[in-house]
Amino acid sequence: MCDEGRLNYKFVNTDRVEKCLVDRNGDKYETSLENALREAGAAVGDAPKGTGSPTGGKTARGPLFVIVSAACTLEEMFACKLLARARPETTLVCVRHVPEGVEDHLLRKSDRHPNVKGAELLGLRIVDFATESDAQPALVAAPPKDAVLLTVGFDYGIGRSLEKFFEKFWKIVVISARASAHTKKAHVLIPGLTFAEKEGLVVNFEGHIQSLSPALDGLWDRVPPWQVVARLVAELTGEGGFDTVAV
């Protein structure tokens, strides 16, 4: 393990998102996880037509963009993939966003995302926001005015270009462990877990599967991000969802 990986851990204890929040006309209100999930489900799912509509049925709110960090686990990425399948008009991408480090051709790679290879194996489209630029990456189309955004795992390393892209959406749902300019824009904010608190799998650049385990058990009483997304999938499909991804 390199010195940075061994010693650069204290940031996971700072600027934590500790409560679910919902936005009401620009004001943030603390709420329960169940209510936050209902709000998130209404935002990302199909919305019922106006009250008293004689036709009933459902109509889509608008296109959905599901954007997952390349620092997320396979489980989190797979749950997002299931959500994209369940919800029509969904764009799913995996984003590299942490600025590149120094590669020493021995121990350190310049890419500081642990699961780019895993995203590729899952068939996710990789978009690069790691390099700051005024130009939007060509692989991401500008969202329509009624587009909804769900982001998962952007706990650190969010540059200004990515922030500007996130700000283009009509409604924003965020699952994140740490507060940022992005979480302040969220209409629904649900606490996540950092790498030090979650369990799951990542695939390194050589294709080796590596497992994450919580450093401390019971540190937080919260639902893992993959399970939050899985519950959104269950709400969309009407199916029971799943409680574990263990083989």
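## Strand 10 and its neighbour

Leu21 has Leu189 of strand 10 as its bridge partner. Strand 1 (residues 20-24) and strand 10 (residues 188-191) are joined by 2 bridges and run antiparallel. Strands here are DSSP runs of E with at least two residues, helices are runs of H or I with at least four, and both are numbered from the N terminus. Two strands pair if DSSP finds at least two bridges between them.

This is a predicted model: local features need pLDDT of at least 70, side-chain atom pairs count only at pLDDT 80 or more, and totals for chains, interfaces and linings use all residues. Residues are numbered from 1 along each chain as its sequence is written, and side-chain values use heavy atoms, with hydrogens and water left out.

Ser32 lies in the loop between strand 2 and helix 2 (33-44). Ser32 and Lys19 sit 13 residues apart in sequence, and their C-alpha atoms are 8.0 Å apart in space.

An open sheet is formed by 8 strands, in the order 2-1-10-9-8-5-6-7, with mixed pairing. Its edges are strand 2 (27-31) and strand 7 (125-128), each pairing on one side only. From one strand to the next the twist averages 20 degrees; the axes are lines fitted to C-alpha atoms, and angles run from 0 to 180 degrees between N-to-C directions.

Strand 5 and strand 6 run parallel and are joined by 6 bridges. Phe65 has Thr91 of strand 6 as its bridge partner.

## Helix 3

Helix 3 (residues 74-86) has 13 residues. From its first C-alpha to its last it reaches 18 Å, close to the 18 Å expected at 1.5 Å a residue. The expected span is 1.5 Å times one less than the number of residues.

The buried residues of helix 3 are Leu74, Glu75, Glu76, Met77, Ala79, Cys80, Leu82, Leu83 and Ala84. Their cover includes strand 5 (64-69), strand 6 (90-96), helix 4 (116-121), strand 8 (148-152), strand 11 (200-203) and helix 7 (225-237).

## Cysteines

The structure holds 0 disulfides; the cut-off is a pair of cysteine sulfur atoms within 2.5 Å. For Cys80, the closest cysteine sulfur is in Cys72, 6.8 Å away, which is too far for a bond. Cys94 is in no disulfide either: the nearest cysteine sulfur, that of Cys72, is 7.4 Å away. Cys80 is buried, with a relative accessible area of 0%. Cys94 is buried at 0% relative accessibility.

## The whole chain

The protein chain has 7 helices and 12 strands. Of its 247 residues, 45% are buried. Among contacts (heavy atoms within 4.5 Å) with a separation of 6 or more, residues 24 or more positions apart account for 63%.

The chain exposes about 13,100 Å², and carbon and sulfur atoms supply 52% of that area. Accessible areas come from the Shrake-Rupley method with a 1.4 Å probe; for residues, only the protein chains shown count as cover.

Technical notes. Buried < 20%, exposed > 50% of the residue type's maximum accessible area, 1.4 Å probe, protein only.
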